[in-house]
Amino acid sequence: MLLALSGARGEAADVEAGRRKSAPCAACHGADGHATIPGTPSLAGQPTFFTHWQLIKYRDGRRQDPQMSPFAQNLSDEDMGDLAAFYAAQPPRARGSEVDPAKVAAGRPLADRHHCTSCHTPTLIGQQQVPLLAGQDLAYLQKLLRGFRDGTASDLDGTMTMAAKPLTPEEVENLAHFLASLTPAAPR
């Protein structure tokens with residue numbers, strides 16, 4: 001049973017309630033969490049803790065976005081738990097980004113060298129508070145990796161910033177192409 005991250009209450013999250021509450025999210029993230037807008041992440045198959053934590057960061061202003069911040073500011077802990085449970089229950093699928101095979105091949109060893117496979121799992125499907133990267137939108141991956149490298153995106157403990165900081169612009173491109181080329185499986 002999936003638990004909401006509300007702490008003291010410990011109530012079970014409600015996937016069906018999450019589906020109903022996801023209606024405003026569908027315009028950008030797709031009705032089932034499979035986004036089609038370039039630069040927008042798909043949420044289907046994302047680990048529950050990851051999605052819930054991102055919503056908390058948007059609600060509390062630690063993460064800001066013109067579309068997400070206003071939406072998240074009104075979410076209760078229960079809403080966030082339900083949404084996270086709903087998206088985690090959706091099977092992930094690759095976005096089908098057009099990738100360059102040479103960049104994919106060059107990016108493959110970077111995932112190991114920069115420890116992507118340590119936190120995101122060897123198949124890059126994510127776990128707990130660590131997101132699923134496999135098959136995510138190429139433009140989104142490029143933007144996020146550049147943000148972590150340049151210090152314009154932040155993460156909970158600085159792990160992503162430390163991992164991305166040494167990446168060259170070419171390595172960011174190669175790694176993003178590799179990640180986008182993968183076919184995701186649902187996290188276990």
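Gln136 counts as buried because its relative accessibility is 3%; buried here means under 20% relative accessible area, exposed over 50%, and partly exposed in between, with a 1.4 Å probe and protein chains only. The structure is a predicted model, where local features need pLDDT of at least 70 and side-chain atom pairs count only at pLDDT 80 or more, while totals for chains, interfaces and linings use all residues. Residues are numbered from 1 along each chain as its sequence is written, and side-chain values use heavy atoms, with hydrogens and water left out.

Gln136 sits in the loop between α7 and α8 (138-150); helices are DSSP runs (H or I, at least four residues) numbered from the N terminus, and strands are runs of E of at least two. Setting aside neighbours within four places in sequence, Gln136 is in contact with Thr40, Pro41, Ser42, Gln46, Arg95, Ser97, Leu141, Leu179 and Ala180, where contact means heavy atoms within 4.5 Å. Not counting residues up to four places away in sequence, Ser42 touches Gly33, His34, Ala35, Arg95 and Gln136. Asp32 is 10 residues from Ser42 along the chain, and their C-alpha atoms are separated by 9.0 Å.

A search of the whole structure gives one cavity of 30 Å³ or more. On a 1 Å grid over the protein atoms alone, a cavity is a set of points where a 1.4 Å probe fits but cannot get out, and lining residues have an atom within 4 Å of a point. The largest cavity holds about 50 Å³ of space, a volume being the space filled by probe spheres set on the points, with grid points joined across faces, edges and corners. Its lining is made up of His34, Ser42, Ala44, Pro92, Arg93, Arg95, Leu132, Ala134, Gly135, Gln136 and Pro184. Sorted by class, that lining has five nonpolar, four polar and two charged residues; Ala, Val, Leu, Ile, Met, Phe, Trp, Tyr, Cys and Pro count as nonpolar, Asp, Glu, Lys and Arg as charged, and the others, Gly among them, as polar.

Leu124, found in the loop between α7 and α8, has a positive phi of about 60°, and it is not a glycine either. Most residues other than glycine have a negative phi. Thr121 is buried, with a relative accessible area of 14%, and Leu124 is buried at 2%.

Now for the helices. Helix α5 (residues 77-89) has 13 residues and, at 1.5 Å a residue, should span 18 Å; its end C-alpha atoms are 18 Å apart, so the two agree. The expected span is 1.5 Å times one less than the number of residues. In α5, the buried residues are Asp79, Met80, Gly81, Asp82, Leu83, Ala84, Ala85, Phe86 and Tyr87, and what covers them includes α1, α3 and α4 (68-72).

Val104, Gly107, Leu110 and Ala111 are the buried residues of α6, and they pack against α7 (116-119) and α10 (169-181).

For α8, the 13 residues should span 18 Å, in agreement with end C-alpha atoms 18 Å apart. Its buried residues are Leu138, Tyr140, Leu141, Gln142, Leu145, Gly147, Phe148 and Arg149, and their cover includes α9 and α10. Met160, in helix α9 (residues 159-164), is partly exposed, with a relative accessible area of 21%. Leaving out residues up to four places away in sequence, Met160 touches His120, Leu145, Phe148 and Asp155.

Definitions and conventions. 1 Å grid on protein atoms, 1.4 Å probe; cavity = no way out; pocket = protein on both sides within 12 Å on 5 of 7 lines; lining within 4 Å.
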